[in-house]
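Got a protein model open and wondering what links its side chains? Let's go through it together, one question at a time.

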Amino acid sequence: MASKIPEEVLDDIRRQTNIVDVVGQYVQLKKAGKNLFGTCPFHDEKTPSFSVNEEKQIFHCFSCGRGGNVFKFLMEMEQLSFPEAVAKVADFVGADLASTFRPVQGSRESSEVVALKQLYEEASKLFKHVLTSTVAGQPALDYLHQRDLTDSLIETFDIGFLPNQGDLLLTFFQNREIDYQTLRQSGLFVETQTGKLHDRFSGRVMFPMRNAQGAVIAFSGRGLQATPDQPKYLNSPETPIFNKRKVLFNFDLAKATIHQDKRVYLFEGFMDVIAAYSAGIQNGVASMGTSLTSEQLSLLTHQAQELVVCYDGDQPGIEAMKRAIGLLGQHSTLELGVVVLPSGADPD
C-alpha cells in the first residue's frame, strides 16, 4: 500500500499540470468563452455539457454533475484509486513522485483478472516465438509474407502462430503448473464433457486483441487452410477480462493518431487495419467479428471528430455500413465519412 501523499507533493504536481492536456486525451474540447466544452465521457449525450475551466484547473458536467480536479477526473475516467491517479498525472507531466507514494501495480485488480492477463501475455509471447523463430511457424510466416505483411508489421501487431501439434499451448502452461481453473476460465482452450482441455486455436495465425492500455485480453485466430467445418476466423469467447462489445482492434496503437488527426477509420477486418497501417494510415480500427456497438462508438467519440467508414464493397459490407451509419445517427456527434469500394473489393 502506498504511503499518504503529502499535500505539498500534490500541490507541486498540480502546478506542473494543465488539466486541459490530460482531459484532452479523452475528450474533444472546444473553446467557448472562458471555458472549454465537449461531450461528457461519463454518459451518452449529443449536446456538449462537459466543461473544463483552465484558470481554475477543474472540470464539471452540467448534465451528470460530475466534477473536480485532474486527479478526480482520472479516478472517474479509469476507475483508479487516488494514489493511482496521482501517479498517472505525475508520469504524464514528468514530475517526481517517490516510489513510497506509488501504489503496488495491479493491487486493485482481482487475483483472477491478474492471472488471466498474465496468461494471455505469456500465450502471446509463445505464439510470436513460434511464428518467427521455429520451423513449425514457417508455413504461417510464408503466408503472412505472401499477404505483404513485413517482419516489421508482424512485430508491431505482435502476430503469432499456434501449430496443430498436440496441444502445444496446454502443455506449455501445464509445465509451468498453471492452475486448472485458470486455464478453464481463460477461453484459450475447449473443454470436453470429461473435463479434458484442448487448444482452441490450433493451426491458426494469432492476432492479439489488446485493451486501451495495451494489455492482451483476447485473440482472433485465422486458419491457414480453409475447411468446411471450421470458420476462417475464430475469436476468443468472453471472459472476465474480455467483452467484445467494448474492444476495438488496434485502438491502443491508433488512439494517439486518432486524437491528433481528429479522425478515425473504421474497417471490417484486422488485415484491412494492418494494410492501411502499412500504407501510412495509422488511425484505423476494426470491431471483432461484430457490427459496430454503442460502447465502441463511445470510445471513438471521445477521441475523434470524424468517423470514416471503410467496409468491403460486397452486399454484406454495404449492409454493415448502413448499420454503422444508423448507430452513428442515434448515439454520436461524430461527423461521418464513407469510402465506397467497387463491388467485390476490400480495403486490404
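Here come some questions and answers about side-chain contacts.

This is a predicted model, so local features need pLDDT of at least 70 and side-chain atom pairs count only at pLDDT 80 or more, while totals for chains, interfaces and linings use all residues. Residues are numbered from 1 along each chain as its sequence is written, and side-chain values use heavy atoms, with hydrogens and water left out.

Q: How many salt bridges does a search of the whole structure find?
A: Side chains of opposite charge can pair when their charged atoms come close. To count as a salt bridge here, a side-chain nitrogen of Lys or Arg has to sit within 4 Å of a carboxyl oxygen of Asp or Glu. Searching the whole structure that way gives 14.

Q: Which strand does arginine 263 lie in?
A: Arginine 263 meets glutamate 306 in a salt bridge (2.9 Å, N to O). Glutamate 306 lies in strand E14 (residues 306-310), so the pair ties together parts 43 residues apart in sequence, with arginine 263 in strand E12.

Q: What is the count of disulfides?
A: A disulfide is a covalent bond between the sulfur atoms of two cysteines. The rule asks for a pair of cysteine sulfur atoms within 2.5 Å. The sulfur of cysteine 40 is 3.6 Å from its closest cysteine sulfur, in cysteine 61, so that is too far for a bond. Cysteine 64 is also 3.6 Å from its closest one, again in cysteine 61, and the count comes to zero.

Q: Why is the pair of phenylalanine 50 and phenylalanine 73 called what it is, and what is that word?
A: Rings of Phe, Tyr and Trp (its six-membered ring) pair if their centres lie within 6.5 Å; planes under 30 degrees apart count as stacked, over 60 as edge-to-face and the rest as tilted. The structure holds 17 aromatic pairs. In this one the centres are 6.1 Å apart and the planes are at 55°, so the pair is tilted.

Q: Which residue forms an aromatic pair with tyrosine 120?
A: The pair is stacked, at 5.4 Å centre to centre and 15° between the planes. Tyrosine 120 lies in helix H5 and its partner in strand E10 (residues 216-223), so parts 99 residues apart in sequence are tied together. Both residues are buried, and the partner is phenylalanine 219.

How values were computed
Helices (H or I, at least four residues) and strands (E, at least two) are DSSP runs, numbered from the N terminus. Buried means under 20% relative accessible area, exposed over 50%, partly exposed in between (1.4 Å probe, protein chains only).
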